[in-house]
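Colleague: Please take a close look at one part of this model for me: the helix packing and the aromatic rings around it. One connected account will do.

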Amino acid sequence: MITLYGHPISGNSHRVANFLNILGLEYSDQVVDLSKGEHKTPEYLTKNPLGQVPTFTHDDITLRDSTAILIYLARTFDKSNSWYPQEALVQAQIQQWLSVAVHEIMNGPFILRAIQLFGMPADEAVAREKTKNLFEGLFEPHLSSNNWLVGEHATIADIACYSYVARVTEGNFSLDTYPAIQKWLRAVEAIDGFKAMMHAN
C-alpha cells in the first residue's frame, strides 16, 4: 500500500502526487495540515524527522524528499524505464535538474511564492533576481531548443521542476516573457494522467 503525506499547495508534495497519477498508481492521500503544525507533531516526526512534506510510505518503506521519492517510483513501477532511463549519462543529466529543483528553484520561485502566500521573512528582491537569472540563464535558453529538460521525452526531471515554476505567478512573477517555459509547462500538463496543482486562492 502506498501513502502520501503532503499538502495540496505544496509544490514538493505535488511532484509526488503528480507522478503517482501519471504512473496510474493507487495511493492514500493524507493531508498534513501545515497551518496547525501537524508536520511538527511527535507522531509525524517519527515518519519524517525533518518535519517536512511530503513523506511517502510503500508497505514497510518510508521515504522523505520529493526527488528521492520520484527516483524510487520510477525505478520500482516504470517498467519502460523511460522516466529514469538506465544510461549513466542520462541519469547524470536528470540529476542536474533534480538538483536545480531542490536548490535554485527553492531559492527563487519557491521563496517568491512563499513571501506572498505565507509572509515568509525573506528578501523579495534577491529571490526575484535569482528567479529572473534562473529563467533567463537556464530554463528559457534550454527549452528554446529542447522540448524537454532531458532527452526526447518527459522524465522525472520535468516532473520535479514543473510545480514551483508553474506557480511562480503566485509570487507576482510573470511568465509572459518566457515563451519556451510556457510551452514546456503546457507539454507537462498534456502528459496522460497529469494531476493539476491546486492554486493557493
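Modeller: Contact here means heavy atoms within 4.5 Å. Helices (H or I, at least four residues) are DSSP runs, numbered from the N terminus. The model is predicted: local features need pLDDT of at least 70, side-chain atom pairs count only at pLDDT 80 or more, and totals for chains, interfaces and linings use all residues. Residues are numbered from 1 along each chain as its sequence is written, and side-chain values use heavy atoms, with hydrogens and water left out.

Start with helix 7 (residues 156-166) and helix 8. In helix 7, Asp-158, Cys-161, Tyr-162, Val-165 and Ala-166 meet Ile-181, Trp-184, Leu-185, Val-188 and Glu-189 of helix 8. By class, this contact has eight nonpolar, no polar and two charged residues. Ala, Val, Leu, Ile, Met, Phe, Trp, Tyr, Cys and Pro count as nonpolar, Asp, Glu, Lys and Arg as charged, and the others, Gly among them, as polar.

The axes of helix 7 and helix 8 lie 10 Å apart, at an angle of about 120 degrees. Axes are lines fitted to C-alpha atoms over the stretch in contact, and angles run from 0 to 180 degrees between N-to-C directions. The two helices are therefore oblique to each other. Under 35 degrees would be roughly parallel, over 145 roughly antiparallel, and 65 to 115 roughly perpendicular; the rest is oblique. Helix 7 passes helix 8 in a left-handed crossing: the near helix is turned anticlockwise from the far one by less than a right angle.

Now the rings. Rings of Phe, Tyr and Trp (its six-membered ring) pair if their centres lie within 6.5 Å; planes under 30 degrees apart count as stacked, over 60 as edge-to-face and the rest as tilted. The whole structure has eleven aromatic pairs. In one of them, Phe-19 and Trp-83 have ring centres 5.3 Å apart and planes at 70 degrees, so this pair is edge-to-face. Phe-19 and Trp-83 are both buried (under 20% relative accessible area, 1.4 Å probe, protein chains only).

Back to helix 8. Its Trp-184 forms a tilted pair with Phe-139, 6.0 Å centre to centre and 45 degrees between the planes. Phe-139 sits in helix 6 and Trp-184 in helix 8 (residues 179-189), 45 residues apart. Both are buried.

Notes. Buried means under 20% relative accessible area, exposed over 50%, partly exposed in between (1.4 Å probe, protein chains only).
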